[in-house]
Structures are given as structure tokens and as C-alpha cells.
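Please look over the model below before reading on. The points that follow take up one site at a time, then the helices and the charged pairs.

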Amino acid sequence: MKIPGILLLLILLDGVAMITHWNHAQQIEENQTDRLSAELALGVVFFGSFGSETRERVRRGVDLHLKGTIDALLFVGGSRGNAQQGEKWIVDQARDIAGEDALHIGKGSMDTSGNLIAICHWLTEHPEYRAIYLVSDPLHLLRIRWMSSRLPCTASLALTLVPSDYYPDPLERVARIHADWLSRIAFLLLDLERYQSLIARFRY
């Protein structure tokens, strides 16, 4: 097979893989967002890299609180550069709606693995929260589900995935799916410290 033919085949396989990945993300549905028990419930909102992305995640988390599904909101992660000011504004808006006592900020998490570890640290200090709802966009939740099953501190947690209404445009979708694949490969090949260092180098 000539080089153009091989290239065409690789592009075709890549396209099929991307469509499959996106379809899997679309199939993530809320398992249950009604209050099922008297246990304290925590909603975790993952900050995104883009303003509209984070706004939709925060809005969904606040909706869960107003509905009575969760008792508190924990924000983890963080964006780069000027986006941090926008995130502060979003959190302030959420605080005005949900109340000061309901909002908490996780510390020291800058990527998905760090976000999950930050959740574990927070739960260690607040063991009374037993029901955990993770709020992010469908593509990110797909990676969260995959990664949480491979980290010792989150593998045993009962997590409910709650998708926000943020859907990237086609070009952003292609970029994010490929970034997700590279992230998973690096996560499998490297120890956690080297993985987080690599992600920080490319993202920040």
C-alpha cells in the first residue's frame, strides 16, 4: 500500500475512533439526581479551561443544590491566565445563590488526577459526606470515570456523574478527544508525579 493509502486509512480509523469516543460521552446520563437518603451529599464542580464551559458546570452544580440533591458544593481545578478572574466571578455568583456555608474550594489541583485526589483529601476532612456527585461536561466525565477507577483513593467511592450542558464545537471536540487519548496513554505509562508534571508543562 502506498503512503497516501496508509495515510487515508489512518485518517479513516481516527475518524471512526473519534465518533465512537464522542458517542460514549453522549451516553453518560445522570444515574439519579433525586435525594435518595438522609446521608449528606456533596456536589463537586470541575473548573474548565474556558469561561462558558465552567459557567455551565457551576450552573448545573447550583441547580443540584437548589433542588435539594446536595448539601454542599466543592470546586476543584483551575484555569490558566486571565480565566482565573472569570472563575472567581462565577464562584461569587454561585455563592450568592447557594450561600456562603455551602461552598468550598479544593486546594492544589491543576489536572483531572489532581482534582480527584483533592476530592479525596477534602472527604478525609469531611467524612460525613457519603454521596458524591461529580459535575462536568460529558467529554470530561468520560475521562473522570476512567481515571477515578485507576486511582486508589477514588476507586472505592460511589460516584454519580452529572453532565452539564456544555457541548464543544467540532474543532474543539476533535482537539479535546485527541488530548484525552494522549492523557490516558501518559497516565498509563508514567507514575503519577511524572504524569502531573508533564501535564503541567504542556498546559501551563
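Is T154 buried or exposed?

1. T154. This residue is buried, with a relative accessible area of 3%. Buried means under 20% relative accessible area, exposed over 50%, and partly exposed in between, with a 1.4 Å probe and protein chains only. T154 sits in helix α6, residues 152-155. Helices (H or I, at least four residues) and strands (E, at least two) are DSSP runs, numbered from the N terminus.

2. Basis. The model is predicted: local features need pLDDT of at least 70, side-chain atom pairs count only at pLDDT 80 or more, and totals for chains, interfaces and linings use all residues. Residues are numbered from 1 along each chain as its sequence is written, and side-chain values use heavy atoms, with hydrogens and water left out.

3. Surroundings of T154. Neighbours within four places in sequence aside, T154 is in contact with L116, C120, S148 and L159. Contact means heavy atoms within 4.5 Å. C120 is 34 residues from T154 in sequence, yet the C-alpha atoms are 6.9 Å apart. The side chain of T154 also reaches the backbone oxygen of S148, at 2.8 Å.

4. Overall layout. The protein chain has eight helices and five strands. From the N terminus on, the order is α-β-α-β-α-β-α-β-α-α-β-α-α. Of the 204 residues, 44% are buried. Take the contacts between residues at least 6 apart in sequence: 83% of them join residues at least 24 apart.

5. Helices α4 and α5. Two packed helices are described by the angle between their axes and the distance between the axes. Here the axes of α4 (residues 112-125) and α5 come within 10 Å and cross at roughly 65°. Axes are lines fitted to C-alpha atoms, for helices over the stretch in contact, and angles run from 0 to 180 degrees between N-to-C directions. On the α4 side, T112, S113 and L116 take part; they meet H140, R143, I144, M147 and S148 of α5.

6. H140. Helix α5 holds H140. The residue is buried, with a relative accessible area of 6%. Its side chain makes a polar contact with the side chain of S136, at 2.7 Å. A polar contact is a pair of N or O atoms within 3.5 Å; within protein, one must be able to donate a hydrogen and the other to accept it, and residues adjacent in sequence count only if both atoms are side-chain atoms. Not counting residues up to four places away in sequence, H140 touches F46, R57, T112 and R176.

7. Helix α7. This helix has 20 residues and reaches 29 Å from first C-alpha to last, close to the 28 Å expected at 1.5 Å a residue. The expected span is 1.5 Å times one less than the number of residues. Its buried residues are E172, R176, I177, D180, S183, R184, A186 and F187. S183 has 8% relative accessibility. Beyond its neighbours within four places in sequence, S183 is in contact with R143, M147, Y195 and I199.

8. Side chains of opposite charge can pair when their charged atoms come close. A salt bridge is a side-chain nitrogen of Lys or Arg within 4 Å of a carboxyl oxygen of Asp or Glu. The whole structure has eight. R143 forms one with D180, the closest N and O atoms being 3.0 Å apart. This pair links distant parts of the chain: R143 is in α5 (residues 138-148), D180 in α7 (residues 170-189), and they are 37 residues apart. R143 is buried at 16% relative accessible area, and D180 is buried at 2%. D180 also forms a salt bridge with R184, with closest N and O atoms 2.7 Å apart. D180 and R184 both lie in α7, four residues apart, about one turn of the helix. Salt bridges that share partners also join R57, D137, E172 and R176 into one network.

9. The E56 pair. E56 forms a salt bridge with R59, the closest N and O atoms being 3.2 Å apart. Both lie in helix α2 (residues 51-67), three residues apart. E56 is partly exposed at 25% relative accessible area; R59 is partly exposed at 32%.
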